[in-house]
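Hi everyone, thanks for coming. Let me put the model up on the screen, and then we can walk through it together.

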Amino acid sequence: MTEEKKEPWLNYLALTTVILAVCATLATFKGGGFSTRSVLVQNQASDQWAFYQAKSIKQSLAEMEQGQLERELLRTGEKQVAAAIEARVQALKGKIAKYDQEKAKIQDDAKRLEKERDDAQRHGRPFGLAVIFLQIAILLSSIAALLKKKAVWMAGVAVGICGLVQFANGFMLFM
């Protein structure tokens, strides 16, 4: 039985396949992390906008009550009733101003969370592309090993480089 001589490039093929597989695993992990972060932050932003709407409704109710009381104030002639209505109107004005301040903070928080979500999505997309390219590269490397075709391996390396570029882009966002 004669032993088949192993071609030296097959060692490099094995090494590049392992490197591509490790990077694909890391890209999957990082992409999944950014995807999860994006969903969680989107939920938090949605909660903030719901809170903002609740404050807006409360503010509208206070404004309606203030308007009604101001109309009542114009109709009443009794000083005691007018004083009580005026006190309530002033309290409502303070409440409305407080709602404006609270809504501004809630809106800032919601916008900050939306920016954080957008940032997570910007990082997640390249990792998704990296996984695709790296999986194709691993596939081509596997086919090259089975067929012992160096040209197929080189094509896999080229696709793998595209995947590695996307992998790096997921961290640095240079593209």
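H1 passes H3 in a left-handed crossing, meaning that the near helix is turned anticlockwise from the far one by less than a right angle. This is a predicted model, where local features need pLDDT of at least 70 and side-chain atom pairs count only at pLDDT 80 or more, while totals for chains, interfaces and linings use all residues. Residues are numbered from 1 along each chain as its sequence is written, and side-chain values use heavy atoms, with hydrogens and water left out.

Helices here are DSSP runs of H or I, at least four residues, numbered from the N terminus. H1 covers residues 9–75 and H3 residues 150–172, and they pack at about 30° with axes 10 Å apart; the axes are lines fitted to C-alpha atoms over the stretch in contact, and angles run from 0 to 180 degrees between N-to-C directions. So H1 is roughly parallel to H3, the term for angles under 35 degrees.

Who makes the contact, meaning heavy atoms within 4.5 Å? On H1 the residues include Trp-9, Leu-13 and Leu-20, and on H3 they include Trp-153, Leu-164 and Phe-167.

Now, over to Val-89, which lies in helix H2, residues 79–147. Buried or exposed? Val-89 counts as buried because its relative accessibility is 1%, and the cut-off for buried is under 20% relative accessible area with a 1.4 Å probe, protein chains only. Beyond its neighbours within four places in sequence, Val-89 touches Gln-66, Leu-69 and Glu-70.

Key
Helix = DSSP H or I, 4+ residues; strand = E, 2+ residues; numbered from the N terminus. Parallel < 35°, antiparallel > 145°, perpendicular 65-115°, else oblique. Contact = heavy atoms within 4.5 Å. Buried < 20%, exposed > 50% of the residue type's maximum accessible area, 1.4 Å probe, protein only.
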